[in-house]
Amino acid sequence: MWKNIYDWLDERLGLQSLYENLLDRPEPHGTWWNTLGSASLFLFVMQALTGIFLTVYYTPSPDHAYDSIQYIMNGVAFGWLIRGMHHWGATLMVLVVFIHMLRVFFSASYKYPRELTWMVGVMLFLLTLGMGFTGYLLPFNQRSYWATVVGTNIAGVVPGVGPFILKALRGGTDVSALTLSRFFSAHIWMLPAALAGLIGAHLYLIMRHGESAYPDADD
Amino acid sequence: MASSNRISRRNFVALMSAALGSIMGVVMGIPIVGYLIDPALKTESGEAWIPIGLLEDFPIGTPKSFSFTRSHVNGWEKTVNSYGGFVVRKSETQLLVLSSRCTHLSCSVNWEEARNEYVCPCHNAQFSMEGEVLGGPPPYPLDRYEANVEDGTIMIRFPAVRFDEVEG
Amino acid sequence: MNEEYKNKVNKKYEKNLQKGERFWPDSIYKDLLISFAIFILLIGLASFVGVHPEPKVDPTDATYVPRPEWYFLFLFEFLKYFPGELEWVGATVIPGILVAALLLLPFYDKNPYRFYTKRTFALGLMSFIVGGMVTLTIKAATVITGPMALALFALVWGTLFFALHKRPEQKTATRKSLLWLATIGIFAIIGTAYVQTAALAGDEEEAVVANTIAEKMALGQDLYSLQCVECHGADGEGGTITVTAADGTEELLPVKAINTKDEMYTRNDETLYNIIAYGQPSLGMTPFGGAYGGELSTSEIEYIVTYLRYTWDDRAEVPADAVSSSIPALAEGEVPSYEVHISAVTKRYCVSCHREGKENNNYIMDNYEDLLNGGDNAPNIVAGDMNSILLQVIQGNEVNGQTGLIHVMPPSGKPLKDEYIDMFIRWVEAGMPNTAADAAALSTAAPAE
């Protein structure tokens with residue numbers, strides 16, 4: 001019966017050709033360093049999962065943000081686990097994506113024909129940092145509040161347009177409810193959507209050009 | 001290249017991915033389910049004895065309403081709810097405290113002196129002075145509060161319970 | 001880039017594929033294992049390290065030292081090297097250039113070679129930048145000073161360079177071991193610096209963060225005892241206070257009880273919070289909020305409000321794990337100790353006035369030493385002496401001391417509970433032991449007498 005179900009699905013989805021094209025691909029010999037890309041993807045998925053579940057209780061308002069996080073940590077079963085994994089996942093993701101980028105740089109994998117893969121990758125790295133920055137404010141505790149005050153102030157020092165950028169980032173002159181809700185929106189909608197789209201492009205480019213080979217003395 | 005060797009390796013990797021995937025699924029899945037249904041698993045205690053007034057202030061023979069408020073923490077938010085009821089004294093010694101929540105859809109019933117019954121404004125349900133259903137959709141009589149008199153003050157036990165769960 | 005070059009690259013890649021492996025199943029098992037390891041690591045970090053609790057946001061607290069997330073620390077540190085008017089260069093121009101350089105790398109890096117020995121400039125520059133970032137991060141996050149960090153990193157990167165720089169006479173094994181050495185070196189430096197910093201940070205006083213209502217009540221009670229008991233009484237019963245008007249005249253003002261149903265039903269948490277923060281100057285209550293000249297942070301006021309609400313408001317459902325009294329009860333024949341019992345009583349009933357900066361005949365009661373020997377009328381309490389000043393005044397007897405008449409304590413006129421007076425008497429009788437261990441030794445010795 002399983003065979004029949006599989007055949008029916010295969011006929012419509014093309015599972016066999018998917019398998020041949022996506023999984024059973026030839027590639028050059030790799031090392032353990034080649035796992036960092038998939039590790040970044042794994043971390044992104046974990047962050048998405050734990051993040052989605054955090055929004056069940058988290059409330060993005062200055063009156064409630066801190067208390068709702070405290071409730072997640074102490075009032076809900078396994079809330080500490082979900083939040084802990086999201087917190088540490090952010091740190092690990094920045095680290096893993098950065099090392100992945102360094103690996104690509106040192107093995108010269110960004111050169112022809114993978115220039116676009118590199119550029120998409122750099123954007124993914126910047127978006128990851130953006131996720132870190134916007135996510136940092138959300139618990140709305142002393143540390144996150146003041147870090148955001150300073151972080152947005154940095155953008156405000158540019159001569160001329162600085163004050164404008166500062167107000168656009170904060171949604172006003174102060175770090176306030178407006179800042180919190182726009183950071184929240186960026187953190188759970190805009191940046192993840194951009195990340196997901198670019199991850200798709202990144203993966204497509206990898207499929208198209210294949211994994212890069214480590215250069216030898218002739219290259 | 002030995003093809004059988006290849007296939008067994010493939011199977012092994014498939015098995016391993018399935019195993020690791022299941023471990024992660026279970027390790028994440030159970031906490032997530034617990035996390036989502038946790039509020040439904042919390043037992044509401046909130047039991048308390050509440051003074052509602054002096055016994056002498058409540059007349060014999062006709063129900064008199066009373067109300068009190070309780071605050072309750074939902075998550076991190078405090079909600080203050082108001083509760084109402086009727087003290088029914090049929091004689092000097094008999095004391096019955098009813099909740100004013102209609103057992104149909106929790107609207108608040110009123111005592112209609114002229115008709116000698118409680119009437120629910122939502123679906124026109126009627127209850128007798130002791131809370132028995134006289135007409136309308138309610139499935140069972142009005143809830144009751146366990147009551148005591150201490151130093152002339154009526155104390156009721158919050159929350160109200162169904163008519164058939166009152167002791168005595 | 002010409003066609004010939006492209007052909008050469010593609011041909012070489014084809015060749016690599018020929019002698020390569022297959023994604024499934026040859027290399028995917030590595031990805032699986034690494035992802036699984038990361039998963040375990042995440043669970044471990046969440047379970048055993050957790051998330052550091054931080055106090056609630058307080059925009060009025062200007063003393064707070066802001067710290068960005070660790071991966072922005074290098075930028076934070078970097079900005080220290082720019083004078084005020086040039087800060088925008090360090091904050092936006094240089095990071096902007098770096099980002100653009102990173103993004104457009106394939107377009108200006110025209111070096112056709114890929115093997116690392118033929119890309120010394122690119123690799124050197126990148127190593128320099130990354131090394132700089134790591135150095136700045138470590139310098140900002142730890143106790144290591146700039147020159148120390150620089151020297152260490154020069155050493156590590158030197159070893160790395162020496163290992164990677166290909167010379168024919170150097171064996172692969174030697175190179176590999178050097179690489180490992182450098183890696184271990186990097187981790188050792190980061191680890192040591194981190195441990196040292198953690199040890200230093202442990203000494204600093206940290207704001208206590210309450211997580212549950214019960215914890216908030218406990219902290220709130222302590223704060224109430226310290227800040228509010230002086231005027232409002234230990235149980236909110238009120239009393240009288242002396243207010244000095246602008247013209248120097250003193251006036252006796254009544255303080256109404258705040259533990260009543262009226263108070264609790266007509267003031268919500270926000271109102272209580274505001275009264276504590278702003279004070280009620282016309283009624284003689286000074287502001288307590290940090291922003292208005294008081295000593296309390298927003299969280300601390302919130303803890304006090306929680307304590308008041310759950311102690312005096314009969315509508316509130318007190319959580320099951322709440323501790324009703326911070327003062328442990330004394331068993332039959334047990335000798336009280338300062339550490340466990342007496343300090344709890346003084347903290348709750350006395351320290352509000354008997355601390356620095358209050359009018360109290362210089363009798364400070366918040367530590368063992370001063371409790372025994374401090375004050376203008378010292379000693380206020382003598383081991384075994386039932387006529388000790390302290391014992392007399394808490395039992396309602398005024399005493400003539402060096403400074404004149406010593407009034408009954410507490411001054412509100414509402415005496416301490418009998419069990420606490422008894423606690424003091426038994427403590428003085430037993431010789432005023434400091435620690436719980438001393439007291440335990442005395443209680444076991446007692447029956448032998």
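Trainee: What should I know before I start?
Mentor: The model is predicted, so local features need pLDDT of at least 70, side-chain atom pairs count only at pLDDT 80 or more, and totals for chains, interfaces and linings use all residues. Residues are numbered from 1 along each chain as its sequence is written, chains are lettered from A and ligands numbered from 1 in the order in which they are written, and side-chain values use heavy atoms, with hydrogens and water left out.

Trainee: OK, chains C and A. How many residues does the contact take from each?
Mentor: 79 from chain C and 79 from chain A. Contact means heavy atoms within 4.5 Å.

Trainee: And what area do chain C and chain A bury between them?
Mentor: About 7,700 Å², with 67% of it on carbon and sulfur atoms. Buried area is the accessible area (1.4 Å probe) that two parts lose on being put together, summed over both.

Trainee: Which residues in chain C lose the most area to chain A?
Mentor: C:Leu42, C:Val51 and C:Arg114. Together they give 9% of what that side buries.

Trainee: How many salt bridges are there across that interface?
Mentor: The rule finds 4. A salt bridge is a side-chain nitrogen of Lys or Arg within 4 Å of a carboxyl oxygen of Asp or Glu. C:Arg22 forms one with A:Asp24, with the closest N and O atoms 2.6 Å apart.

Trainee: Which element gives the largest share of the side of chain C that touches chain A?
Mentor: Helix 2 of chain C, with 17 residues. Helices (H or I, at least four residues) and strands (E, at least two) are DSSP runs, numbered from the N terminus.

Trainee: Switching to chains C and B. What area is buried there?
Mentor: About 1,900 Å², and carbon and sulfur atoms give 63% of that. Here 20 residues of chain C are in contact with 20 of chain B.

Trainee: How many salt bridges between chain C and chain B?
Mentor: The count is 1. B:Lys78 pairs with C:Asp269, the closest N and O atoms being 2.8 Å apart. On the side of chain C that touches chain B, helix 2 of chain C again has the largest share, 10 residues.

Trainee: Now chain A. Is A:Lys111 buried or exposed?
Mentor: A:Lys111 is buried, because its relative accessible area is 5%. Buried means under 20% relative accessible area, exposed over 50%, partly exposed in between (1.4 Å probe, protein chains only).

Trainee: What does A:Lys111 touch?
Mentor: Leaving aside neighbours within four places in sequence, A:Lys111 is in contact with C:Asp109, C:Asn111, C:Tyr113, C:Arg114 and C:Arg119. A:Lys111 lies in the loop between helix 5 (79-106) and helix 6 (115-137) of chain A.

Trainee: What else is in that loop?
Mentor: A:Pro113 is there. A cis peptide bond joins A:Tyr112 and A:Pro113, with omega about 5 degrees. A:Ala108 also lies in the loop between helix 5 and helix 6. A:Ala108 has a positive phi of about 55 degrees although it is not a glycine. A:Ala108 is buried, at 1% relative accessible area.

Trainee: And where does A:Phe78 lie?
Mentor: In the loop between helix 4 and helix 5 of chain A. A:Phe78 has a positive phi too, about 65 degrees. At 31% relative accessibility, A:Phe78 counts as partly exposed.

Trainee: How many residues of helix 4 of chain A are buried?
Mentor: 8 of its 10, so this helix (residues 65-74) is mostly covered. Among them are A:Tyr66, A:Ile69 and A:Tyr71.
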